[in-house]
Amino acid sequence: MTSERAETAGTAGRIPPGQRLVHGWPVSHYGPVPRFRPERWNLRVFGATASGGTHEWAFDDLATLPHVTVVADLHCASGPTSTGHEWYGIPAGTVLDVVPPAPGVTHVMAWAEYGFSANLRLADFTSPQTLMATHHDGEPLTAEHGFPLRLVVPHLYGYKSPKWLRGIEYMTADRRGFWEERGYHNVADAWAQQRWSYQEAEAGGPAAAAP
């Protein structure tokens with residue numbers, strides 16, 4: 001058995017249907033890499049908060065929040081899967097502990113630089129493996145991979161894990177994000193091969209915005 005086949009066999013059960021194992025960590029994003037300005041950077045939680053207000057953390061404030069390590073794989077909707085990523089960061093559920101949502105919140109919108117967004121069901125956002133990562137494999141994230149903060153939702157396709165995270169919006173109704181408005185599946189479960197919006201069941205998601 002070749003080494004490539006042996007490695008593929010060793011990951012059996014970890015690779016979702018329709019995916020192929022790739023080595024390394026390919027860089028993939030839409031648009032330019034933003035410049036990090038620590039004096040201007042903050043992370044906002046807003047929308048349907050229990051208090052009705054907005055909460056902000058400056059970059060240095062992130063160090064005061066709980067941190068965990070999660071080892072997980074990454075699945076791109078175009079087919080590649082890379083395995084064994086060690087993430088270090090803030091459990092996404094911590095956001096709800098510090099800034100409780102209002103009753104009726106069902107979804108969040110993760111906002112990133114340049115207005116990029118990804119909508120998530122609340123259960124996906126608060127999954128034990130979902131975190132806001134600051135480090136990868138023991139080193140701070142590189143700019144190309146999302147420094148200073150990247151949302152990581154390992155069980156969903158990669159477009160639900162936006163780089164350069166800047167905000168979490170609580171929502172009482174679902175609303176499509178950037179890629180979801182452009183034909184990608186609203187839920188993006190990698191194990192169910194939910195890649196494209198045409199695969200959505202009837203009434204399976206909000207209508208896309210008019211062009």
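**Strand β5 and its partners**

Author: Let's start with β1, which pairs with strand β5 (residues 80-91) in the parallel sense, over two bridges. Pairing here asks for at least two bridges between two strands, as found by DSSP. Strands themselves are DSSP runs of E with at least two residues, helices are runs of H or I with at least four, and both are numbered from the N terminus. The bridge partner of Arg20 is Pro80 in β5.

Before going further, please keep in mind that this is a predicted model, where local features need pLDDT of at least 70 and side-chain atom pairs count only at pLDDT 80 or more, while totals for chains, interfaces and linings use all residues. Residues are numbered from 1 along each chain as its sequence is written, and side-chain values use heavy atoms, with hydrogens and water left out.

Back to β5, this time with strand β4 (residues 68-75): seven bridges hold the two in an antiparallel pairing. One point to find on screen is Val70, which stands opposite Trp87 in β5. β4 and β5 form a hairpin with four residues between the strands, and there Gly79 takes a positive phi near 130°.

β5 also pairs with strand β8 (residues 131-136), again antiparallel, through five bridges. Here Ile90 has Met132 in β8 as its bridge partner.

Val68 counts as partly exposed because its relative accessibility is 30%; the class covers the range between buried, under 20% relative accessible area, and exposed, over 50%, with a 1.4 Å probe and protein chains only. Leaving aside neighbours within four places in sequence, Val68 is in contact (heavy atoms within 4.5 Å) with Trp87, Tyr88, Gly89, Pro91 and Leu131. Leu131 sits 63 residues away along the chain, yet the C-alpha atoms of Val68 and Leu131 are separated by 8.3 Å.

Now for the surroundings. The protein has three helices and 11 strands, and from the N terminus its elements run α-β-β-β-β-β-α-β-β-α-β-β-β-β. Five of the strands form an open sheet of mixed pairing, in the order β3-β2-β11-β6-β7. At its edges are β3 (55-58) and β7 (117-121), each pairing on one side only. From one strand to the next, the twist averages 15°. Within this sheet, strand β6 (residues 107-112) and β7 run antiparallel and are joined by five bridges, with Met109 opposite Asn119 in β7.

Trp41 lies in the loop between β1 (20-21) and β2 (42-47), and it counts as buried because its relative accessibility is 5%. Beyond four places in sequence, Trp41 touches several residues, including Phe36, Trp57, Ala58, Phe59, Leu62, Glu113 and Pro148. Of these, Ala58 is 17 residues from Trp41 along the chain, with 6.3 Å between their C-alpha atoms.

Ser161 belongs to the loop between β10 (150-152) and β11 (165-171), and a relative accessible area of 4% makes this serine buried. The side chain of Ser161 reaches the backbone nitrogen of Val153 at 2.8 Å. Arg150, Leu151, Val152 and Val153 are the residues that Ser161 touches, not counting those up to four places away in sequence.

Val153 also turns up beside Asp124: apart from neighbours within four places, Asp124 is in contact with Thr130, Val153, His155 and Leu156. Asp124 is part of helix α3 (residues 122-125) and is buried, with a relative accessible area of 7%. The side chains of Asp124 and His155 are joined by a polar contact of 2.8 Å. That term means a pair of N or O atoms within 3.5 Å; within protein, one must be able to donate a hydrogen and the other to accept it, and residues adjacent in sequence count only if both atoms are side-chain atoms.

Finally, the overall picture. Of the 211 residues of the protein, 44% count as buried. Among contacts between residues at least 6 apart in sequence, 67% join residues at least 24 apart.

Technical notes: Axes fitted to C-alpha atoms, helices over the stretch in contact; angles between N-to-C directions.
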